[in-house]
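Colleague: I am new to this one. Can we go through the terms you use for it, step by step?

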Amino acid sequence: ERGWVNILVIGSGGREHAIIWKLKQSKVVKKIFCIPGNGGISQMAECTEMDILDFAKISEFVKDYDLGLTIVGPEVPLAKGIVDYFQKKNLRIFGPNKKAAQLEGSKVFAKQFMKRYNIPTAEFEVFDNPDDALSYFSTLNSKLSTVVKADGLASGKGVFVCDTKKDAEIVVKKIMVDKIFGSSGNKIIIEEKLEGEETSLIAFCDGKTILPLIPSQDHKRVFDDDKGPNTGGMGAYSPAKFIDTNDVKKIWDNFLEGIKKEALDYRGIIYAGIMQTKDGIKVLEFNVRFGDPETQAILPLMKTDLLDLFTATVDEKLDKCKVACKNGYCVSVLVASGGYPGKYEIKKEIFGLNDVKDAVVFHAGTKFKAGRYYTNGGRVLNVSAVDITLEKTISKVYKNIKKIKFEGMHYRRDIGRKGLKSS
């Protein structure tokens, strides 16, 4: 018989709300704390305002409240070494350590890792000097599309798809000369632009075993039909069905071989963004945590107790676990503030949340004050629905979104449509 456990979740977005919502369904979770949380999370967990990079203060909090496990939602604390800090204090924490978290914290590290372990990826060059990068373009065909990426973390906004050489040169100057991402732009990668459908592969990894979750598809551009600037993701659906499972298995096998050979302490989530190209699957990037908004489209279909998976990962016992899912589909749509991903206003009152009946609303940027919800970020809510066919799921999610209102709100109206073509 397993004892009760109190848990801390670090983060403040829709992803963390979904994780807490799922943990609430566990038979053994007693109480959940969240740092810093948001309006919606505050109705399910005890939220505490604290800097998520103040590891000393967070670890004291964990000791004071005798919390049995800490789950890290966002990438920045992982890249800055929160896991190493907790391990030194003998505190249980879910996530890869600092060295392993470079797979997201440094795109250069990730691409070189892929190359070493035969994980298929786009051809690339690394530059740490803007002049070299700019002179490299002169060797390319001016019509050639390229992708320019800042090496370090840039909250999902450090990747630029450039259709001409001129566009790419402008981006290189912004990143390396104007330093729009600060030191994250000290190095850049320039790679060939791949064509094809993107899929997100998310799996638990304990260093010895990889346990994949259902594949999903994120929609990264702000407007319908993949138009407009890149955002942190405007919605997702799962399962996404256009990938060859043998190709996926090979990626995970090679990834695991690399983790073992380099003795990386990897006990957390590994996320591979992949593209199905005419030359087979290519890995675009690794993330070292749950995807946002993919998590909001995967967890509602999961039947397995999420705490069991977290615990097995930390204890290196994933080989004894399976993931069971409901039949059907889940579609999750992000409702954003007017102007997002550019300038936007906050503190707009949100109406109609109580009218949502057969869908679940995960809060991302909200505040709860005197019984009312207000916007508090660019990404405001994720509305997720589950149904037996993709068509029914899409219509259910949009029927519910229509009930929600706040000034300036916008959302994509085509989330999941690509899946209809493929199914």
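This is a predicted model: local features need pLDDT of at least 70, side-chain atom pairs count only at pLDDT 80 or more; totals for chains, interfaces and linings use all residues.

Colleague: What makes E3 and E5 the edge strands?

Modeller: The open sheet has 5 strands in the order E3-E2-E1-E4-E5, with parallel pairing. Strand E3 (46-47) and strand E5 (93-94) each pair on one side only.

Colleague: How do you know that E1 and E4 pair?

Modeller: Pairing needs at least two bridges. Strand E1 (residues 5-11) and strand E4 (residues 69-72) are joined by 4 bridges, so they pair. The two run parallel. Leucine 8 stands opposite threonine 70 in E4.

Colleague: Why is H5 called roughly perpendicular to H6?

Modeller: Helix H5 (residues 98-105) packs on helix H6 (residues 107-116) at an angle of about 95 degrees, with their axes 6 Å apart. The range for that term is 65 to 115. So H5 counts as roughly perpendicular to H6. Among the residues making the contact are Leu103 of H5 and Phe113 of H6. By class, the contact has 4 nonpolar, 2 polar and 3 charged residues.

Colleague: Which residues have the most contacts inside the largest nonpolar core?

Modeller: Leu103, Phe255 and Phe286, in a core of 46 residues. Helix H9 (residues 245-261) gives the most to this core, with 6 residues. A second, separate core has 42 residues, including Ile7 and Val360.

Colleague: What does leucine 103 touch?

Modeller: Its contacts include Phe109, Ala110, Phe255, Tyr266 and Val288, not counting residues up to four places away in sequence.

Conventions
Residues are numbered from 1 along each chain as its sequence is written. Side-chain values use heavy atoms; hydrogens and water are left out. Axes are lines fitted to C-alpha atoms, for helices over the stretch in contact, and angles run from 0 to 180 degrees between N-to-C directions. Angles under 35 degrees count as roughly parallel, over 145 as roughly antiparallel, 65 to 115 as roughly perpendicular and the rest as oblique. Contact means heavy atoms within 4.5 Å. Ala, Val, Leu, Ile, Met, Phe, Trp, Tyr, Cys and Pro count as nonpolar, Asp, Glu, Lys and Arg as charged, and the others, Gly among them, as polar. A nonpolar core is a set of buried Ala, Val, Leu, Ile, Met, Phe, Trp, Tyr and Cys residues joined through side-chain atoms within 4.5 Å. Buried means under 20% relative accessible area, exposed over 50%, partly exposed in between (1.4 Å probe, protein chains only).
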